[in-house]
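Please keep the sequence and the model in view while reading.

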Amino acid sequence: MAKIQSVPFKGTPEQEKQLQEIIAKYKDQKGALMSVLQQAQDVYGYLPIEVQTMVAEGLGISLEEVYGVVTFYSQFSLYPKGQYKISVCLGTACYVKGAGDVFDKLCQKLNIKSGECTPDGKFSLEACRCIGACGLAPVMTINDEVYGKLTKEDVDDILAKYN
């Protein structure tokens with residue numbers, strides 16, 4: 001059975017007030033769901049079920065419709081981003097030089113999958129396509145720091161810098 005990530009929702013009253021103002025602005029506009037979801041993600045950083053429920057109720061549409069849009073478009077995230085956002089390039093140049101092994105090691109070490117965040121909120125992990133540093137393949141970034149010419153053996157030492 002797949003592991004279900006459970007990161008507690010930590011929305012603030014100020015965030016909820018912002019979301020309610022966004023919903024009120026678009027409430028009577030047909031086709032406003034995408035705009036509301038984009039702005040809601042700007043407020044919260046991601047779209048947990050609690051936020052999706054508020055959007056559905058506020059716009060008078062089903063939670064299933066909201067969830068369908070959130071999970072269809074890759075710009076939306078169901079999970080919060082960590083303090084340290086790790087992105088591993090799985091573009092062709094990086095992949096053929098071992099980026100898949102680096103990514104797998106990160107998944108194992110952090111005990112999360114792509115798109116998820118560690119329960120302590122410290123790290124989030126995602127796979128991306130070409131970041132334009134093919135000469136350094138394989139490459140990953142942690143926030144704005146670029147790490148190149150990686151092997152899976154490098155993962156422990158790099159993560160240790162952030163602990």
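H2 and H4 are roughly perpendicular to each other, a label for angles of 65 to 115 degrees, while angles under 35 degrees count as roughly parallel, over 145 as roughly antiparallel and the rest as oblique. The model is predicted, so local features need pLDDT of at least 70 and side-chain atom pairs count only at pLDDT 80 or more, whereas totals for chains, interfaces and linings use all residues. Residues are numbered from 1 along each chain as its sequence is written, and side-chain values use heavy atoms, with hydrogens and water left out.

**Packing of H2 with H4**

- H2 and helix H4 (residues 63–72) pack at an angle of about 70°, and their axes are 11 Å apart; axes are lines fitted to C-alpha atoms, for helices over the stretch in contact, and angles run from 0 to 180 degrees between N-to-C directions.
- The crossing of H2 past H4 is right-handed, meaning that the near helix is turned clockwise from the far one by less than a right angle, with anticlockwise giving left-handed.
- Leu33, Met34 and Leu37 of H2 make the contact with Glu65, Val66, Val69 and Val70 of H4, where contact means heavy atoms within 4.5 Å.
- By class, the contact of H2 with H4 has six nonpolar, no polar and one charged residues; Ala, Val, Leu, Ile, Met, Phe, Trp, Tyr, Cys and Pro count as nonpolar, Asp, Glu, Lys and Arg as charged, and the others, Gly among them, as polar.

**Packing of H1 with H2**

- Helix H1 (residues 13–26) packs against helix H2 (residues 33–44) at an angle of about 165°, with the axes 10 Å apart.
- H1 is therefore roughly antiparallel to H2.
- H1 also passes H2 in a right-handed crossing.
- On the H1 side, the contact is made by Gln15, Glu16, Gln18, Leu19, Ile22, Ile23 and Tyr26; on the H2 side, by Ser35, Val36, Gln39, Ala40, Val43 and Tyr44.
- The contact of H1 with H2 has eight nonpolar, four polar and one charged residues by class.

**Helix H3 and leucine 59**

- The buried residues of H3 are Val51, Gln52, Met54, Val55, Ala56, Gly58 and Leu59; buried means under 20% relative accessible area, exposed over 50% and partly exposed in between (1.4 Å probe, protein chains only).
- H1, H2 and H4 are among what covers these buried residues of H3.
- Leucine 59 lies in H3 (residues 49–59), and counts as buried because its relative accessibility is 14%.
- Apart from neighbours within four places in sequence, leucine 59 is in contact with Ile23, Tyr26, Lys27, Leu33 and Val36.

**Serine 87**

- Serine 87 belongs to strand S1 (residues 84–89), and its relative accessibility of 10% makes serine 87 count as buried.
- Neighbours within four places in sequence aside, serine 87 is in contact with Glu126, Cys128, Val139, Met140 and Thr141.
- From leucine 59 to serine 87 is 28 residues in sequence and 34 Å in space, C-alpha to C-alpha.

**The chain as a whole**

- The chain has seven helices and four strands, which are DSSP runs numbered from the N terminus (helices H or I, at least four residues; strands E, at least two).
- Along the sequence, the pattern is α-α-α-α-β-α-α-β-β-β-α.
- Of the 163 residues in the chain, 42% are buried.
- Among contacts between residues at least 6 apart in sequence, 61% join residues at least 24 apart.
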